[in-house]
Amino acid sequence: EQSCTSWYELLLARVIYRHPTARVADLRGDLVTSAINTTLQRLPQYRPIEPIDDAFRAFLEVSPHQAVLEVRKNLGFPWAPAHLAQLLHHCGLFPPYPIPQAGCDLREVLVLEYADSILRGSSLWHFAVNYFSSCPVF
């Protein structure tokens with residue numbers, strides 16, 4: 001425990017120690033959630049201290065939509081969440097997550113936000129057009 005510098009290092013050590021034969025596919029959902037909660041309850045000095053740690057936790061708990069939303073909230077620029085959502089979508093790990101206010105799903109909202117941000121740079125307008133065209137609803 002003294003060798004770990006963050007809660008997720010300690011989490012990995014705890015999971016490997018308690019479940020040495022676990023495969024990566026086994027490290028999903030309840031097993032990771034209970035290990036995270038136990039780690040943070042027993043060792044308060046390892047509580048997440050960086051805002052982006054909430055995104056790490058969501059990824060570990062297999063909540064890709066929540067993780068991408070945390071990245072969006074904590075990084076403050078639209079490039080990373082848009083490309084992360086696209087990557088997860090193309091891997092089949094980011095199913096549609098409707099956003100009723102926008103009339104489309106979360107992935108499209110993120111791509112549209114990014115396209116809008118690069119449209120503001122006059123020399124990048126042709127990239128924005130490509131991003132806009134990748135969104136079937138718009």
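The sulfur of C104 sits 7.1 Å from the closest cysteine sulfur, that of C135, which is too far for a bond. A disulfide here is a pair of cysteine sulfur atoms within 2.5 Å, and by this rule the count comes to 0 disulfides. C104 itself is buried, at a relative accessible area of 7%, while C91 counts as exposed at 52% relative accessibility. Buried stands for under 20% relative accessible area, exposed for over 50%, and partly exposed for anything in between, using a 1.4 Å probe and protein chains only.

A word on the ground rules: this is a predicted model, in which local features need pLDDT of at least 70 and side-chain atom pairs count only at pLDDT 80 or more, while totals for chains, interfaces and linings use all residues. Residues are numbered from 1 along each chain as its sequence is written, and side-chain values use heavy atoms, with hydrogens and water left out.

Now for the overall layout. The protein chain has 7 helices and 2 strands, and from the N terminus on they come in the order α-α-α-α-α-β-β-α-α. These elements are DSSP runs numbered from the N terminus, with helices (H or I) of at least four residues and strands (E) of at least two. Of the 138 residues in the chain, 32% count as buried. Among contacts with a separation of 6 or more, 53% join residues 24 or more positions apart, where contact means heavy atoms within 4.5 Å.

Helix α1 covers residues 7–18, and its 12 residues reach 16 Å from first C-alpha to last, close to the 16 Å expected at 1.5 Å a residue. That expected span is 1.5 Å times one less than the number of residues in the helix. Buried in α1 are W7, L10, L11, R14 and V15. Seen down the helix axis, the buried residues of α1 fall within an arc of 135°, so they line one face of the helix; the arc is taken from the directions from the helix axis to the C-beta atoms. L12, I16 and Y17 are exposed on the other side of α1.

Helix α5 (residues 79–90) also gets a look. Its 12 residues reach 17 Å from first C-alpha to last, close to the 16 Å expected. A80, P81, A82, A85, Q86 and L88 are buried in α5, and the buried residues of this helix pack against α3 (53–60), α4 (64–75) and α6. After α5 comes G92, with a positive phi near 80°.

Between α5 and β1 (98–99) runs a loop that holds Y97. At 38% relative accessibility, Y97 counts as partly exposed. Leaving out residues up to four places away in sequence, Y97 touches H65, C104, D105 and L106. Y97 and H65 are 32 residues apart along the chain, yet their C-alpha atoms are separated by 7.6 Å.

Next come the charges. Side chains of opposite charge can pair when their charged atoms come close. With a salt bridge taken as a side-chain nitrogen of Lys or Arg within 4 Å of a carboxyl oxygen of Asp or Glu, the count comes to 3 salt bridges. One joins R72 to E113, with the closest N and O atoms 2.3 Å apart. R72 lies in helix α4 and E113 in helix α6, so this pair ties together parts that are 41 residues apart in sequence. Both ends are partly exposed, R72 at 33% relative accessibility and E113 at 30%.

E70 pairs with K73, their closest N and O atoms being 3.3 Å apart. These two are 3 residues apart in helix α4, which puts about one helical turn between them. E70 is buried, with a relative accessible area of 9%, whereas K73 is exposed at 57%. R120 bridges to D116, with closest N and O atoms 2.9 Å apart; R120 is exposed at 65% relative accessibility, and D116 is partly exposed at 34%.

R107 is buried yet has no salt bridge, and the nearest side chain of opposite charge, E108, is 4.4 Å away. For that search, Lys and Arg count as positive and Asp and Glu as negative, with His and the chain ends not counted. Neighbours within four places in sequence aside, R107 is in contact with A85, Q86, H89, F94, S134 and P136.
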